[in-house]
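Please keep the sequence and the model in view while reading.

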Amino acid sequence: MEKKLVNFIKYAPMIFIPLVVFLVFYLIITGYKSTLNSNFEIYKKDLIDKQKSLVKTNIQIATQIFENQVLLTENKEKADKSFLNLIKNINNKASDYYFIFNTKGDVIVHSFLSHLEGQNLYIVDNENYNNVVKIITQNSSADRFVTYKWLNPNTNLIEDKISFVRQLPNSDLIIGSGFYLEDINKIVQNQRDIELKEHDKNINVTLSLAIFFTILSFIISYIISKMLLNAFNILNKSLKEKSIELQKLNSELEIKVENRTNKLKTAYKK
């Protein structure tokens with residue numbers, strides 16, 4: 001039992017203290033990663049919300065221009081033509097270009113895919129176009145965000161796109177503008193790469209501190225172990241000395257009792 005207690009006092013601090021230090025730094029390092037991932041999810045959502053707000057504002061501006069053209073031009077056909085020419089002129093191959101359909105599914109303006117202008121996407125031999133025109137023209141009177149797959153001018157790949165669409169007042173024209181999720185993902189990934197480099201630096205610093213404090217804790221625990229073991233040995237030695245003294249007193253007491261008993265026996269015989 002004494003040997004087990006000595007071993008516990010000797011080795012327990014040297015095991016538990018470095019272990020606690022290791023666990024603390026392990027939690028710090030894993031916390032970095034989880035916090036980083038959480039922050040990027042928030043960052044991505046924030047970018048999507050900002051892009052939604054931007055394309056919605058673009059459509060509101062275009063709608064105001066359309067209404068102004070109608071007010072300035074008595075001839076509705078002339079006003080529509082003037083507005084469409086204006087949209088074509090301000091359009092470019094950026095991902096937030098304007099596109100205009102009519103409620104029947106005809107492509108009126110699409111600067112990036114100009115070969116589609118004049119075509120009805122309900123009847124073209126392309127399943128994706130058929131699905132997209134249904135999404136855009138159904139419930140056309142409601143302002144709304146729609147999600148579908150479309151060709152990204154920046155990558156020339158079919159990707160997920162979010163657009164805000166609205167039917168222009170007193171017309172059968174549906175105008176929209178949107179953004180591609182892959183463009184958002186690239187922005188997030190670029191930022192993630194920058195943050196990961198900084199994260200790796202922090203991890204290296206943390207690991208260096210972890211090694212240093214683990215070694216330091218091992219040294220401190222070794223000193224504490226020695227102090228506890230020394231205190232235990234002193235206490236144990238003192239207890240043994242007291243035990244020996246007690247045994248000696250017991251022996252002396254037994255001798256005294258025996259002598260007294262013999263004297264009493266002698267006195268009794270006399």
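At 54% relative accessibility, Lys-45 counts as exposed, since in this text buried means under 20% relative accessible area, exposed over 50% and partly exposed in between, with a 1.4 Å probe and protein chains only. The model is a predicted one, in which local features need pLDDT of at least 70 and side-chain atom pairs count only at pLDDT 80 or more, while totals for chains, interfaces and linings use all residues. Residues are numbered from 1 along each chain as its sequence is written, and side-chain values use heavy atoms, with hydrogens and water left out.

The side chain of Lys-45 meets that of Asp-49 in a salt bridge, with 3.3 Å from N to O; the term stands for a side-chain nitrogen of Lys or Arg within 4 Å of a carboxyl oxygen of Asp or Glu. Both Lys-45 and Asp-49 belong to helix 1, where they are 4 residues apart, about one turn of the helix. Helices (H or I, at least four residues) and strands (E, at least two) are DSSP runs, numbered from the N terminus. Asp-49, at 36% relative accessibility, counts as partly exposed.

The structure holds 5 salt bridges, and another of them joins Glu-117 to Lys-88, whose closest N and O atoms are 3.6 Å apart. This pair links distant parts of the chain, 29 residues apart, with Glu-117 in the loop between strand 2 (107–110) and helix 3, and Lys-88 in helix 2. Both partners are partly exposed, Glu-117 with a relative accessible area of 26% and Lys-88 with one of 37%. A further salt bridge is formed by Arg-166 and Asp-143, with 3.0 Å between the closest N and O atoms. Because Arg-166 lies in strand 4 and Asp-143 in the loop between helix 3 and strand 3, the pair ties together parts that are 23 residues apart in sequence. Here Arg-166 is buried, with a relative accessible area of 14%, whereas Asp-143 is partly exposed at 42%.

The aromatic residues come next. A pair of aromatic rings is described by the distance of the centres and the angle of the planes. Rings of Phe, Tyr and Trp (its six-membered ring) pair if their centres lie within 6.5 Å, and planes under 30 degrees apart count as stacked, over 60 as edge-to-face and the rest as tilted. By this rule the count comes to 6 aromatic pairs. In one of them, the rings of Phe-66 and Phe-83 have centres 5.1 Å apart and planes at 75 degrees, so the pair is edge-to-face. The two residues are 17 residues apart and link distant parts of the chain, Phe-66 being in helix 1 (residues 2–72) and Phe-83 in helix 2 (residues 76–90). Phe-66 counts as buried at 2% relative accessibility, and Phe-83 likewise counts as buried, at 0%.

The rings of Tyr-148 and Trp-150 also form an edge-to-face pair, because their centres are 6.2 Å apart and their planes stand at 90 degrees. Tyr-148 is buried at 6% relative accessibility, and Trp-150 is buried at 4%. Together with Tyr-129, these two residues form one aromatic cluster. A contact of another kind involves Phe-145, since the charged end of Lys-52 sits over its ring, 5.2 Å from the centre; this requires NZ of Lys or CZ of Arg to be within 6 Å of the ring centre and within 35 degrees of the ring normal.

Two strands pair if DSSP finds at least two bridges between them, and 9 bridges join strand 3 to strand 4, which run antiparallel. These two strands form a hairpin with 4 residues between them. In the turn lies Asn-156, which has a positive phi of about 60 degrees and is exposed, with a relative accessible area of 55%.

Strand 4 is also joined by 7 bridges to strand 5 (residues 173–180), and these two run antiparallel; Val-165 stands opposite Gly-176 in strand 5. Strand 4 and strand 5 form a hairpin with 5 residues between them, and Asn-170 in the turn has a positive phi of about 55 degrees.

Which phi does Asn-139 have, positive or negative? Although Asn-139 is not a glycine, its phi is positive, at about 55 degrees. Asn-139 is placed in the loop between helix 3 (127–137) and strand 3 (144–152), and it is exposed, with a relative accessible area of 53%.
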